[in-house]
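Hi,

Here is the structure I said I'd pass along. Have a look at it first, and then read my notes below.

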Amino acid sequence: MGRCRFGIVYSVIKKNKPLSDAPVYGNELYDRMVCQVVDDALSHLGCRDVKVYLDNNRFISTERFREIVRESSVRSGVNLLEVRKRDSKSTPCLQLVDFVAGSVRAKYERGDTKLSIIEDKISFARRL
């Protein structure tokens, strides 16, 4: 993994200590974070033709995910080749996303250092 070419965009959510006085939870929080991560990722690409995948989940519909990605692609000038939800078990790039998500969580919750394996691949990180 350390020898592969890829870039990572991630956000860390402190949902119980939000910056605003109006905390957001559940599907609304997930929707907002998908919007933010997709915007960040598409605006920092090294190419213009992209496929965008989201791990299968029940927090956001495929239609809503496609809407978010389409709107962001217009703002970023990105040409969408494919947008869909996929199973991470059969999609190597989503397996990498699972590793990053788990490593980020372990870093902030337990001080784990697994994320250091790929730190130089992280192009944009945001703490909310």
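**What I found**

Let's start at the end of a helix: G111, which comes just after helix 3, takes a positive phi of about 75 degrees. Keep in mind that this is a predicted model.

Helix 3 itself covers residues 92-110. Its 19 residues should span 27 Å at 1.5 Å a residue, and the end C-alpha atoms are 26 Å apart, which agrees. Its buried residues are L94, L96, V100, S103, V104 and A106.

Which residues of helix 2 are buried? They are F65, I68, V69, S72, S73 and S76. Look down the axis of helix 2 and these buried residues fall within an arc of 130 degrees, so they line one face of the helix. Turn to the other side of helix 2 and you'll find E63, V74 and R75 exposed.

What covers the buried residues of helix 2? The cover includes helix 1 (26-43), strand 2 (49-55) and strand 3 (79-86). Helix 2 is followed by a glycine too: G77 has a positive phi, near 70 degrees.

Finally, the strands. Strand 2 and strand 3 run parallel and are joined by 7 bridges.

Happy browsing!

Definitions and conventions: Residues are numbered from 1 along each chain as its sequence is written. This is a predicted model: local features need pLDDT of at least 70, side-chain atom pairs count only at pLDDT 80 or more; totals for chains, interfaces and linings use all residues. Side-chain values use heavy atoms; hydrogens and water are left out. Buried means under 20% relative accessible area, exposed over 50%, partly exposed in between (1.4 Å probe, protein chains only). Helices (H or I, at least four residues) and strands (E, at least two) are DSSP runs, numbered from the N terminus. The arc is that of the directions from the helix axis to the C-beta atoms. Contact means heavy atoms within 4.5 Å. The expected span of a helix is 1.5 Å times one less than its number of residues. Two strands pair if DSSP finds at least two bridges between them.
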